[in-house]
Amino acid sequence: MNPQDLWPGANSSDQKILGLASLFDLEFSIDWIQELSRAKATTLLTTLEKACQEGFLKKGDLGFFYFSDPKIQSRIKSTLPKDQLEVYHRKIAALMMTETPDNEQAILAAANQLVHVSNDIEGCRILLDAGNRYRKKGVSQKAFLCYDKAIHDLRDKEGRPENVLFIETVIGYSKERLSLDNSELTTSLLKEALTLAQRACC
């Protein structure tokens with residue numbers, strides 16, 4: 001999709017700013033977008049105000065905005081260059097872990113970005129933590145996504161810390177009710193985790 005088809009009056013700066021904003025699941029802060037885009041405050045505020053007038057965005061708490069319609073957000077997200085998406089997701093995840101004051105909010109926001117990229121052991125730890133938190137909140141789909149991504153990314157890694165994290169993630173995965181929908185896969189993962197545990201004890 002051409003960005004101009006969605007917002008005919010948008011310039012390149014408008015497109016970049018809204019594109020970055022579209023990567024956030026819920027509300028986003030002006031400060032976060034400024035950090036990512038390096039845009040001047042006046043440029044940023046002008047774009048966000050215009051987007052509100054166009055009906056794309058709505059204002060939340062002071063300094064925060066959110067998309068008025070998930071479909072519009074998805075369409076704007078689709079205009080971002082695919083070869084830059086991983087870089088953006090990593091930057092947002094790092095930003096969430098350093099700038100979001102609430103620890104749980106930071107972990108969940110970071111995990112929402114990390115499910116889109118290949119992760120090292122630290123990224124997988126965040127995904128496991130987020131998966132456990134989502135599971136305890138009853139947000140099964142999100143929990144399942146975090147566990148599944150961590151398991152996938154840990155599979156090609158070797159080392160005791162990685163193996164321990166894999167085992168812990170599989171246990172969390174098996175406790176999630178959605179895992180019952182594919183009992184064969186869950187059983188296979190538990191056997192794989194048990195093998196690693198037995199190997200570690202020898």
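Reader: Where is the place of Leu 23?

Author: Leu 23 is in the loop between helix 2 (12-21) and strand 1 (28-29). Helices (H or I, at least four residues) and strands (E, at least two) are DSSP runs, numbered from the N terminus. This is a predicted model with residues numbered from 1 along each chain as its sequence is written, where local features need pLDDT of at least 70, side-chain atom pairs count only at pLDDT 80 or more, and totals for chains, interfaces and linings use all residues. Side-chain values use heavy atoms, with hydrogens and water left out.

Reader: Why does Leu 23 count as buried?

Author: Buried means under 20% relative accessible area, exposed over 50%, and partly exposed in between (1.4 Å probe, protein chains only). Leu 23 has 2% relative accessibility, so it counts as buried.

Reader: What is Leu 23 in contact with, leaving aside its neighbours within four places in sequence?

Author: Contact means heavy atoms within 4.5 Å, and on that rule Leu 23 meets Lys 77, Leu 80, Leu 85, Tyr 88, His 89, Ile 92 and Gln 113. Leu 23 and Ile 92 are 69 residues apart along the chain, with 8.4 Å between their C-alpha atoms. His 89, one of those partners, lies in helix 6 and is buried because its relative accessibility is 8%. Leaving out residues up to four places away, His 89 touches Leu 23, Gln 113, His 116 and Val 117.

Reader: Why does Arg 38 count as exposed?

Author: Its relative accessibility is 65%, so Arg 38 falls in the exposed class. Arg 38 is in the loop between helix 3 and helix 4 (41-54). Its phi is positive, about 60°, although Arg 38 is not a glycine. Most residues other than glycine have a negative phi.

Reader: Which residues have the most contacts inside the largest nonpolar core?

Author: They are Phe 24, Phe 28, Ile 33, Leu 48, Leu 57 and Met 96, in a core of 56 residues. Helix 8 (residues 121-137) gives the most to this core, with 7 residues. A nonpolar core is a set of buried Ala, Val, Leu, Ile, Met, Phe, Trp, Tyr and Cys residues joined through side-chain atoms within 4.5 Å. Beyond four places in sequence, the partners of Phe 24 include Trp 32, Ile 33, Leu 36, Ile 92 and Met 96.

Reader: What makes helix 3 and helix 6 oblique to each other?

Author: Axes are lines fitted to C-alpha atoms, for helices over the stretch in contact, and angles run from 0 to 180 degrees between N-to-C directions. Helix 3 (residues 30-37) and helix 6 (residues 85-99) cross at roughly 135°, their axes coming within 11 Å. Trp 32, Glu 35 and Leu 36 of helix 3 make the contact with Lys 91, Ile 92, Leu 95, Met 96 and Glu 99 of helix 6. Angles under 35 degrees count as roughly parallel, over 145 as roughly antiparallel, 65 to 115 as roughly perpendicular and the rest as oblique. The crossing angle belongs to the rest, so helix 3 and helix 6 are oblique.

Reader: And why is helix 8 called roughly antiparallel to helix 9?

Author: The axes of helix 8 and helix 9 (residues 140-154) cross at roughly 155° and come within 8 Å. That angle is over 145, so helix 8 is roughly antiparallel to helix 9.

Reader: What makes helix 7 roughly perpendicular to helix 8?

Author: Helix 7 (residues 103-114) packs on helix 8 at about 115°, with the axes 9 Å apart. The 65 to 115 class takes in that angle, so helix 7 is roughly perpendicular to helix 8.
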